[in-house]
Amino acid sequence: MRSINPIYHHSDQMLNQEMEWIISAKQDPKNFAPLYEKYHEQIFRYVYQRMDDKHLAYDVTSQVFLKAIKNIGRYEYRGVPLASWLYRIAKSELNQAFRDSRAKRTINIDSTQVATFMEVFEEETNSINKKRLFHALSQLNGLDLQLIELRYFEDRAYKEIGEILDIKENNAKVKTFRALEKLKKLFNKKSRL
Amino acid sequence: MKRKLIYNRWKVSSEEIKKQQDFSFILKKANIDSSWKWKSIGFWGTAGTTAVALFFIVILF
């Protein structure tokens, strides 16, 4: 079973506290400060995971919070942490950066994640299989790559993935399973070449 | 879209990320951007059209 992200998953008390901050930020943007401090790091990590330029990742993160401050008046509480809304803004800002060619879409993977995939694929962790995995990852479509990243690289629960991608938890589970199947297929296809 | 793959990149520390936090800069930028609405073509276009419409209303009635 996967660990629960304590910054994302909130108790009722934490949600109420956050709601108070949101109400006060709607009255005065200066009151957005505690929300900025709370979420800055995780939004930066989300952005930087998907690009190669650290300074640009900081810029995009700032842009996310700038948009959030400007649009907080329109934010509607849906019983989930503000993070899901911030992630959606981050996703759109990232796509804009890729479209403008300011940033290059990057897949960041480490040896632990490679080992996890090899375990799932019931394969040995070696340099050949590593290359096969890298090739398979580069062949995935945008949504499937996102699902794989959220679940297997960032270790997020399906509930959180659903909220970030604005889909139901169960749908997130099904789509992630299908994305993994596609990845496995691409991995095995490469081995037959 | 062509993708770049990076293997085992150095993890950025929480301290480093915290050092980059600058809420006052974002707040300042948010205020500057909202003040730009007064200088935008959209604003003056709407204001101009309204002024012309009001002028004709006053003249005709």
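In chain A, helix α7 (residues 142–153) has buried residues at A:D144, A:L145, A:L147, A:I148, A:E149, A:L150 and A:R151. A residue is buried if 20 or more other C-beta atoms lie within 10 Å of its own, exposed if 12 or fewer, and partly exposed in between, with C-beta atoms placed from the backbone. Helices (H or I, at least four residues) and strands (E, at least two) are DSSP runs, numbered from the N terminus. An α-helix has 3.6 residues a turn, so residues three or four places apart point the same way. After α7(A) comes A:D155, with a positive phi near 60°.

The model is predicted: local features need pLDDT of at least 70 and side-chain atom pairs count only at pLDDT 80 or more, while totals for chains, interfaces and linings use all residues. Residues are numbered from 1 along each chain as its sequence is written, and chains are lettered from A and ligands numbered from 1 in the order in which they are written.

Chain A divides into domain 1 (12–99) and domain 2 (111–192). These bounds come from an automatic or database domain assignment. Taken over C-alpha atoms, the centres of domain 1 and domain 2 of chain A are 26 Å apart. Five residues from domain 1 of chain A and six residues from domain 2 of chain A make the contact. Two residues are in contact if their C-beta atoms, placed from the backbone, lie within 7 Å. On the side of domain 1 of chain A that touches domain 2 of chain A, helix α4 (residues 82–99) of chain A gives the most, with three residues. That side of domain 1 of chain A has two nonpolar, two polar and one charged residues. Here Ala, Val, Leu, Ile, Met, Phe, Trp, Tyr, Cys and Pro count as nonpolar, Asp, Glu, Lys and Arg as charged, and the others, Gly among them, as polar.

The largest nonpolar core has 46 residues, of which A:Y39, A:I43, A:V47, A:V64, A:L86, A:A90 and A:I161 touch the most other members. Such a core is a set of buried Ala, Val, Leu, Ile, Met, Phe, Trp, Tyr and Cys residues joined through C-beta atoms within 7 Å. Elements of chain A that each supply at least two residues of this core include α2 (33–49), α3 (54–71) and α6 (127–139). Domain 1 (12–99) and domain 2 (111–192) of chain A each contribute at least three residues to this core. Neighbours within four places in sequence aside, A:I161 contacts A:L147, A:L150, A:R151, A:R156, A:A172 and A:T176.

Chain B contains three helices and one strand. From the N terminus on, its elements run β-α-α-α. Of the 61 residues in chain B, 2% are buried. In the interface, 18 residues of chain B contact 29 residues of chain A. On the chain B side, β1 (4–7), α1 (14–19) and α2 (23–35) each supply at least two residues. The largest share of that side comes from α2(B), with five residues. By class, the side of chain B that touches chain A has ten nonpolar, four polar and four charged residues.

Strand β1 (residues 106–109) of chain A and β1(B) run parallel and are joined by four bridges. Two strands pair if DSSP finds at least two bridges between them. A:I107 has B:L5 as its bridge partner in β1(B). In β1(A), A:I107 and A:I109 form the covered face, whereas A:T106 and A:N108 form the uncovered one. In a regular strand the side chains alternate between the two faces of the sheet.

Loop residues of chain A complete the description. Most residues other than glycine have a negative phi, and most peptide bonds are trans. A:S101, a residue other than glycine, has a positive phi near 60°. A:S101 lies in the loop between α4 and β1 of chain A. A:S101 counts as exposed because it has 7 C-beta neighbours inside 10 Å. A:D166 also has a positive phi, about 60°, although it is not a glycine. The loop between α8 (158–165) and α9 (169–192) of chain A holds A:D166. A:D166 has 12 C-beta neighbours inside 10 Å and therefore counts as exposed. A:K168 lies in the loop between α8 and α9 of chain A. With 13 C-beta neighbours inside 10 Å, A:K168 counts as partly exposed. A:K168 and A:V120 are 48 residues apart in sequence and 25 Å apart in space, C-alpha to C-alpha.
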